[in-house]
Every structure is written in structure tokens, then in C-alpha cells.
Amino acid sequence: MSTIALFRECSELISSSPIDSFRCRTLSPLRRILRFVLGFGLAASLGTFGVPGHAQNLSIGNQQPATTHGPSIATCEGCHGALGAGSETGAPRLAGQNPDYLAHALSMFKAGTRISPPMQAVAQNLSESDMRTLSAFFASQHPPLPAASTPPSPALVAAGRQLAETGSSPNVLACFSCHAAGGKGNGARFPSIAGEPVAFTVARLHEFQARAKTSTPKPGSMTAVAASLTQSQIEQVAAYLSVTAP
Ligand code: HEC
Ligand code: HEC
């Protein structure tokens, strides 16, 4: 494999097998030099990583969003969709999310306090300033919702909307009472949940539910909310959020 191909593979970090990460580590000093050489501009890195379709959407020059150290925006888009629109395979929508929420999530992945094998591998290579740059970039994007291969049924969407707007007695609080009207989010504490792919919402709610089983959640926390949801409520609300533009 050529050095450039290996560099690209390491940058994408799709594979986190021990052998690949060993090869990536071995390559580290060389990567630094390559990054230095490649790092003079987003145009250069987009050229190298070959996402010409988006190149014209990104501003370069003074507002250049490329990082010179960590993975490029094109790397993120490989999983998170064009301009961070989100992907049916479960990578969340980053576009329009609160930038501090995104940056905090990245630092948790790096510290290992939020578990996600692909994101921990990606975040390892990011400096604080890379995290800020990437978060600011995605927070200010407004791509349309990605098209779903099988749109959810109207009945499921309607039930999810009801739950999001008014909750369900006696236990389930309205999602939008914390996440703001339309699920647009409220500051760095209450993330935007509108437009999230079904697979992400379902996985994240399951993760909160699993956490609730290991220790009693604080009342009013997302862990406590998730613990009050049934599987069919999760599917309803995930369907509704996936078709709700933020
Ligand atoms: C190999 C696929 C992959 C790549 C590449 C990738 N991500 Fe992710 N990312 C994911 C997945 C999957 C999740 C969901 C993790 C979870 O919650 O379990 C995620 C979650 C996140 C989150 C948390 C968002 C939230 O709302 O909770 C942020 C922030 C993030 N990624 C940023 C990035 C950035 C920035 C890049 C590029 C430097 C990137 N990701 C590259 C797959 C990827
Ligand atoms: C009492 C306030 C509150 C209510 C009600 C609430 N949430 Fe949350 N939610 C939060 C907080 C706080 C977080 C951030 C937790 C974190 O990052 O660890 C969160 C995070 C999330 C996330 C992860 C978002 C991301 O990008 O990582 C999802 C998905 C979510 N909530 C869905 C829901 C749904 C669906 C409902 C309604 C059934 C709901 N929430 C109701 C407070 C709330």
C-alpha cells in the first residue's frame, strides 16, 4: 500500500482494528510531515481526499474551516453526510447543532467518557482547537434532511409528534419541554434533536436506558427520561424527529 493510501486510511479511521491502528501509529511522524505539507488549505485537502462535490460549498480563505492537524471535514462527511446532514446508518446530524455541545461531545470521545469506537478513534487525533474549528463549521451549516430509503409511516410519525410535544402521562415528559419547540435545542445543555436519523436516536436512547440500569439517574436528566420510555415510544419519537427539519 502506498504511503498516501495508508495516510488516507489512517485519516479516515474507518477501521479501528489493532493492526491498522498499529500501522497508523507507526506512520505518525510521517503523517505529521504529510499533514504539514497537505495542511496549507482546505482546497488542498479536499483535492487529496477527493470530495469535489462539496468543495464549492465550503468557503476558503479567511474563513477556511480545514484543520491543519486533525482529520479534514471531508473525513467527517464520509460518515456524517454532506455538510453534516446526518446519515441513515446512524451517524448523527451535526449541522445546526450547538457548537459547544459538539465540542464537548468530541472532548468526551477523546477522554473516553462517551463510548463510540469510531468516534473515539477520530477524536484521538483532534486538538482542542481542531474540535472548536470543526464544531463551529458544522454548527453553521444548513443542509436539507437526508432522504430516507424507507420513509416512516404517517401513523408512527403522528404518535411521535404527540409524545415530543405533550409527553405521555403519567411519566414521560414532553421532549420539547427541554429540547425547545420543534426540537431545535436550547443552549449547550439541551441539544437539538430535530432531523436526527432514526438509527442515531434509537441507539442513543438505548444507551441512556442502559446507563439508567447501572445507577439511579438524577430526576430530570436525559437518562431518567429515557428510562421512562417504552420501545414503541422510542420508535415513534425517532420516526418523528427524523422527518422534522431543525
Ligand atoms: C467512521 C464514521 C465516523 C467518522 C469518520 C466521524 N464520525 Fe462522528 N460519529 C459517528 C457515529 C456513529 C456517532 C454516534 C456515536 C454515538 O453516540 O454512539 C458520531 C457522533 C459524533 C458526535 C456527537 C454528536 C451528538 O449529537 O451527540 C460528534 C460531535 C461527531 N461525531 C463529530 C465528528 C467529527 C467532527 C468528525 C470528523 C473529524 C467525525 N465525527 C467523524 C461516526 C463517525
Ligand atoms: C428534563 C429535560 C429533558 C427532557 C424532557 C428530554 N430530554 Fe433529551 N436530553 C436532555 C439533556 C440534558 C441531554 C444532553 C445529555 C447528554 O449530552 O449527556 C439530552 C440529550 C438527548 C439526546 C442526545 C442528543 C445528541 O445529539 O447526542 C436525544 C436523542 C434526546 N435527548 C432525545 C429526547 C427525547 C426523544 C425526549 C422525549 C421523549 C427527550 N430527549 C426529553 C434533557 C431532556
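Start by selecting the shell around ligand 1: by class, its residues are 16 nonpolar, 6 polar and 1 charged. Here Ala, Val, Leu, Ile, Met, Phe, Trp, Tyr, Cys and Pro count as nonpolar, Asp, Glu, Lys and Arg as charged, and the others, Gly among them, as polar. This is a predicted model, where local features need pLDDT of at least 70, side-chain atom pairs count only at pLDDT 80 or more, and totals for chains, interfaces and linings use all residues. Residues are numbered from 1 along each chain as its sequence is written, while chains are lettered from A and ligands numbered from 1 in the order in which they are written.

Now pick out Cys76, Cys79, Ala105, Ser116 and Pro118, which come nearest among the 23 residues around ligand 1. (A residue is near a molecule if its C-beta atom, placed from the backbone, lies within 6 Å of it.) Two or more shell residues come from each of α6 (73–80), α7 (99–111), α8 (117–124) and α12 (198–214). Helices are DSSP runs of H or I, at least four residues, numbered from the N terminus. Which helix gives the most to this shell? That's α6, with 5 residues. Colour by domain, too: domain 1 (3–139) and domain 2 (154–242) each put at least three residues into the shell, with bounds from an automatic or database domain assignment.

Next, click on α8. Its Ala121, Val122 and Ala123 are buried, meaning 20 or more other C-beta atoms lie within 10 Å of their own, with C-beta atoms placed from the backbone. The buried residues of α8 pack against α7.

From there, select the largest nonpolar core, which has 19 residues. (A core is a set of buried Ala, Val, Leu, Ile, Met, Phe, Trp, Tyr and Cys residues joined through C-beta atoms within 7 Å.) Ala123 is among those with the most contacts inside this core, and so are Leu102 and Phe138. At least two core residues come from each of α6, α7, α8 and α9 (128–139), and α7 has the largest share, 5 residues.

Zoom in on Phe138. Leaving aside neighbours within four places in sequence, Phe138 is in contact (C-beta atoms within 7 Å) with Gly84, Leu94, Ala95, Gln97 and Leu102. A second, separate core has 15 residues, including Leu163, Ala164, Ile193 and Val237.

Last stop: ligand 2. Of the 20 residues around ligand 2, Leu173, Cys175, Cys178, Pro191 and Met222 come nearest. Helices α11 (175–179), α12 and α13 (222–227) each give two or more residues to this shell, and α11 has the largest share, 4 residues.

Technical notes:
A residue is buried if 20 or more other C-beta atoms lie within 10 Å of its own, exposed if 12 or fewer, and partly exposed in between; C-beta atoms are placed from the backbone. Two residues are in contact if their C-beta atoms, placed from the backbone, lie within 7 Å.
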